[in-house]
Amino acid sequence: MDSNNFLAAWPVVGPGVAGAVFGAGWWFWVDAVVCSAAAVPFLHYLPGFFASFAALMFNCVNREDIGDGYYSPYDDSEWRVKLWLFISYVVSFVSLAGAVGFLVQDALTDTGPSAWTGTAGVLQCVFVLVSGLIYWTCHSED
């Protein structure tokens with residue numbers, strides 16, 4: 001398959017791939033919560049929720065809106081788009097950092113959930129954010 005065929009098929013195949021990766025991320029988390037011997041506190045759920053919200057945030061921006069040829073009839077609205085993307089990436093990295101923090105906490109203590117719950121939280125955040133980026137690269141307004 002050459003690159004021209006891949007680029008032509010990506011807008012058709014990409015959303016399905018993104019959905020599969022998103023579902024795999026949440027599947028890791030649900031599996032860890034269901035199989036956990038200890039009760040999983042609500043705080044452990046938050047990184048996945050915020051990662052999903054961050055993926056939604058950066059998918060609200062079109063790729064064409066960030067380029068140099070962007071024109072808006074309103075004044076300087078390009079900085080607003082870039083600020084929105086910056087905030088969405090901050091939310092995504094904070095959610096990933098929170099998941100890593102819970103992984104370290106779960107690995108070091110014996111009283112809470114197992115280390116698998118922390119590992120699944122990190123995998124969930126990574127997969128959800130990757131799926132958001134996959135979808136961002138393949139969707140267009142057409």
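**A nonpolar patch and the helices around it**

Trp-79, Leu-83, Phe-86, Ile-87, Val-90 and Val-94 together make a nonpolar surface patch of about 580 Å². A patch here is built from residues with over 30% relative accessible area and no salt bridge, with nonpolar side chains (Val, Leu, Ile, Met, Phe, Trp, Tyr) joined within 5 Å and like charges joined within 9 Å. A salt bridge, in turn, is a side-chain nitrogen of Lys or Arg within 4 Å of a carboxyl oxygen of Asp or Glu. The areas come from the Shrake-Rupley method with a 1.4 Å probe, and for residues only the protein chains shown count as cover.

The model is a predicted one, in which local features need pLDDT of at least 70 and side-chain atom pairs count only at pLDDT 80 or more, while totals for chains, interfaces and linings use all residues. Residues are numbered from 1 along each chain as its sequence is written, and side-chain values use heavy atoms, leaving out hydrogens and water.

What is the chain built from? It has 4 helices and 0 strands, and its elements run α-α-α-α from the N terminus on. Helices (H or I, at least four residues) and strands (E, at least two) are DSSP runs, numbered from the N terminus. Of the 142 residues in the chain, 35% are buried; this word stands for under 20% relative accessible area, whereas exposed stands for over 50% and partly exposed for the range in between (1.4 Å probe, protein chains only). The chain exposes about 8,500 Å², and carbon and sulfur atoms supply 70% of that area.

The unreviewed UniProt entry lists residues 7-30, 42-62, 83-104 and 116-136 under "transmembrane region". Positions from UniProt are given in the numbering used here, feature names are shortened, and annotations may be inferred rather than shown by experiment. In the model, residues 7-30 are 100% helix and 0% strand, with end C-alpha atoms 34 Å apart. Residues 116-136 are likewise 100% helix and 0% strand, and their end C-alpha atoms lie 30 Å apart.

Helix H3 (residues 78-108) holds Val-90, one of the residues of the patch. Val-90 counts as partly exposed because its relative accessibility is 38%. Lys-82 also has its place in helix H3, and at 41% relative accessibility it too counts as partly exposed. Although Lys-82 and Ile-66 are 16 residues apart in sequence, their C-alpha atoms are 6.9 Å apart in space.

Val-33 belongs to helix H1 (residues 3-35) and is partly exposed, because its relative accessibility is 23%. Apart from residues up to four places away in sequence, Val-33 touches Val-40 and Tyr-45. Between Val-33 and Thr-117 there are 84 residues of sequence separation, yet 6.8 Å from C-alpha to C-alpha.

Neighbours within four places aside, Gln-124 is in contact with Gly-25, Trp-26, Trp-29 and Gly-48. Cys-125 is buried as well, because its relative accessibility is 0%, and Cys-138 is buried with a relative accessible area of 4%. The structure holds 0 disulfides, a disulfide being a pair of cysteine sulfur atoms within 2.5 Å.

Terms used. Contact = heavy atoms within 4.5 Å.
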